[in-house]
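Welcome! Let's walk through this structure together, one question at a time.

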Amino acid sequence: MTKVVIIGGGPGGYEAALVAVQLGADVTIVDRDGIGGACVLTDCVPSKTLIATSVRSTYVREAARLGIDVAESDGRPGVSVDLTTVNARVKRLAQAQSDDTAARVVKEGVEVIPGEARLVDPRIVAVGDRRIHADVVLVATGAHPRELPSARPDGERILTWRHLYDLDRLPEKLIVVGSGVTGAEFANAYQGLGSEVTLVSSRERVMPTQDADAAEVLEGVFRRLGMTVLSKTRAESVTNTGDGVLVTLSDGRTVEGSHCLMTVGMIPNTADLGLEEIGVRLDDGGFVQVDRVSRTSTSGVYAAGDCTGVNMLASVAAMQGRIAMWHALGEAVSPLKLSTVASTVFTHPELASVGATEGDVRSGRIDARVVNLPLDTNPRAKMTNSKDGFVKLICRQHTGIVMGGVIVGPRASELILAVSVAVQQRLTVDDLAHTFAVYPSLSGSVTEAARSLMQASPE
């Protein structure tokens with residue numbers, strides 16, 4: 001029986017464990033934080049739970065537009081947020097998800113050892129005084145928030161997102177430093193909960209790695225709802241003034257607030273694991289270098305998830321872990337294909353995307369056609385007063401094969417699945433166009449966009 005030792009119990013680790021057990025391996029997970037890892041306990045699950053509360057709060061504030069009377073205070077819809085209750089629910093749900101996942105892996109026969117692991121040899125994992133011999137090792141240790149020396153988080157006024165769920169009062173004036181996906185999500189969420197939000201962006205627009213049209217729509221929503229967006233400037237320092245924070249920007253301006261949330265990237269958890277000593281190559285940022293089947297430079301040692309820096313999504317981590325086990329245990333396996341990865345920014349409205357981008361088309365990297373269909377023409381969107389968003393489809397110029405897409409709108413995270421299936425299965429816009437969509441539905445815009453990309457057959 002093959003002995004597999006997995007370091008880290010996040011999505012990359014526990015999903016790999018389930019595959020390895022299914023294939024007959026003897027599996028041990030060494031975990032220091034709790035099964036589910038940071039994804040479940042401090043990052044993805046808690047943040048999306050908070051965001052769900054924020055979206056509900058926004059719906060109540062906007063109810064009057066649909067003819068629903070809501071008690072008003074100071075001329076505004078009366079919505080108050082009890083952050084203690086909100087955060088207690090966030091933590092409770094995160095722990096429940098961790099407990100459920102732990103129960104499942106144990107039920108399947110995985111041994112879980114709490115503690116810190118270190119590789120003393122490519123085939124030996126040390127946990128305290130214990131030595132575990134392994135045929136295959138998977139490193140899935142995740143990452144943690146990057147800190148700036150001039151803005152050290154203190155958990156009181158200067159925060160990372162892992163501090164947010166310990167707050168007992170809603171930040172009155174929240175300054176969010178960093179306008180990537182994490183910064184945009186939290187800025188929008190706390191705006192929806194009722195905080196006055198300032199977003200500091202080092203680039204010309206928020207979410208610079210996302211589709212430009214989508215980022216423009218969302219920044220417009222942020223600003224329209226009262227968010228202050230400071231573009232093309234960086235936070236040089238953040239100071240806790242006792243009853244608030246003072247943020248000094250690179251252009252010389254200062255911004256005062258009650259709290260500052262730092263969202264300036266991630267650092268891999270690869271220190272003190274013994275990786276370099278056994279020949280595992282790390283890049284300049286400390287991320288484990290892996291190939292498309294999750295192999296490291298050391299035979300028998302694989303890596304998955306945020307510690308690889310490949311694409312910091314739970315879905316990618318899980319797939320990397322599964323691929324590692326399939327490969328290590330002799331199963332047929334397809335290498336990781338990032339061009340089919342779907343992702344979502346959980347703002348309100350949501351932004352979801354998959355596959356090729358319009359930037360790929362404009363640069364000439366792919367020969368393709370693009371359509372952008374505004375969501376405000378969709379009857380279901382009109383019914384729910386959802387005016388902001390669009391469906392964008394990209395298909396090959398001559399064959400019509402769907403290469404990618406972007407959706408901005410309510411539940412875009414669910415709507416993108418149809419486009420993901422099309423990209424993964426190499427369906428054409430004709431295939432999508434001939435598929436029935438419910439009327440009225442937001443998904444009807446996907447098939448409508450596909451119809452607009454159809455071309456007449458040559459005679």
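Q: In what order do the five strands of the open sheet that contains β11 stand?

A: This is a predicted model, in which local features need pLDDT of at least 70 and side-chain atom pairs count only at pLDDT 80 or more, while totals for chains, interfaces and linings use all residues. Residues are numbered from 1 along each chain as its sequence is written, and side-chain values use heavy atoms, with hydrogens and water left out. Strands (E, at least two residues) and helices (H or I, at least four) are DSSP runs numbered from the N terminus, and two strands pair if DSSP finds at least two bridges between them. The pairing here is parallel, and the order is β11-β18-β12-β13-β14.

Q: Which strands stand at the edges of that sheet?

A: An edge strand has a single partner strand, so one side of it is left without a neighbour in the sheet. The two edge strands are β11 (158-159) and β14 (228-230).

Q: At what angle does α5 run to β13?

A: Helix α5 lies across β12, β13 and β18 (259-262), where contact means heavy atoms within 4.5 Å. Axes are lines fitted to C-alpha atoms, for helices over the stretch in contact, and angles run from 0 to 180 degrees between N-to-C directions. The angle of α5 to β13 is about 165°.

Q: Are α3 and α5 parallel or oblique to each other?

A: Helix α3 (residues 44-61) and helix α5 (residues 181-193) pack with their axes 8 Å apart, at an angle of about 40°. Angles under 35 degrees count as roughly parallel, over 145 as roughly antiparallel, 65 to 115 as roughly perpendicular and the rest as oblique. Helices α3 and α5 are therefore oblique.

Q: How many residues of the contact of α3 with α5 are charged?

A: Among the residues that meet are Ser47, Lys48 and Arg61 in α3, and Glu185 and Phe186 in α5. Ala, Val, Leu, Ile, Met, Phe, Trp, Tyr, Cys and Pro count as nonpolar, Asp, Glu, Lys and Arg as charged, and the others, Gly among them, as polar. The contact has six nonpolar and seven polar residues, and the charged ones number three.

Q: What is the order of the open sheet that contains β5?

A: This sheet has five strands with parallel pairing. Its edge strands, β5 (111-114) and β20, each pair on one side only. The order is β5-β2-β1-β9-β20.

Q: Which strands does helix α1 touch?

A: Strand β1 (residues 3-7) and strand β2 (residues 26-31) run parallel, joined by five bridges. Helix α1 (residues 11-22) packs on the sheet, and its direction makes about 170° with that of β2. The strands touched by α1 are β1, β2 and β9 (136-139).

Q: How many of the seven residues of β24 are buried?

A: Strand β24 (residues 390-396) runs antiparallel to strand β23 (residues 368-374), with seven bridges, and antiparallel to strand β25 (residues 402-409), with six bridges. Buried means under 20% relative accessible area, exposed over 50% and partly exposed in between (1.4 Å probe, protein chains only). Strand β24 is mostly covered, and its buried residues number six.

Q: Is Glu276 buried or exposed?

A: Glu276 lies in the loop between β19 (266-268) and β20 (301-303). Its relative accessible area is 58%, so Glu276 is exposed.
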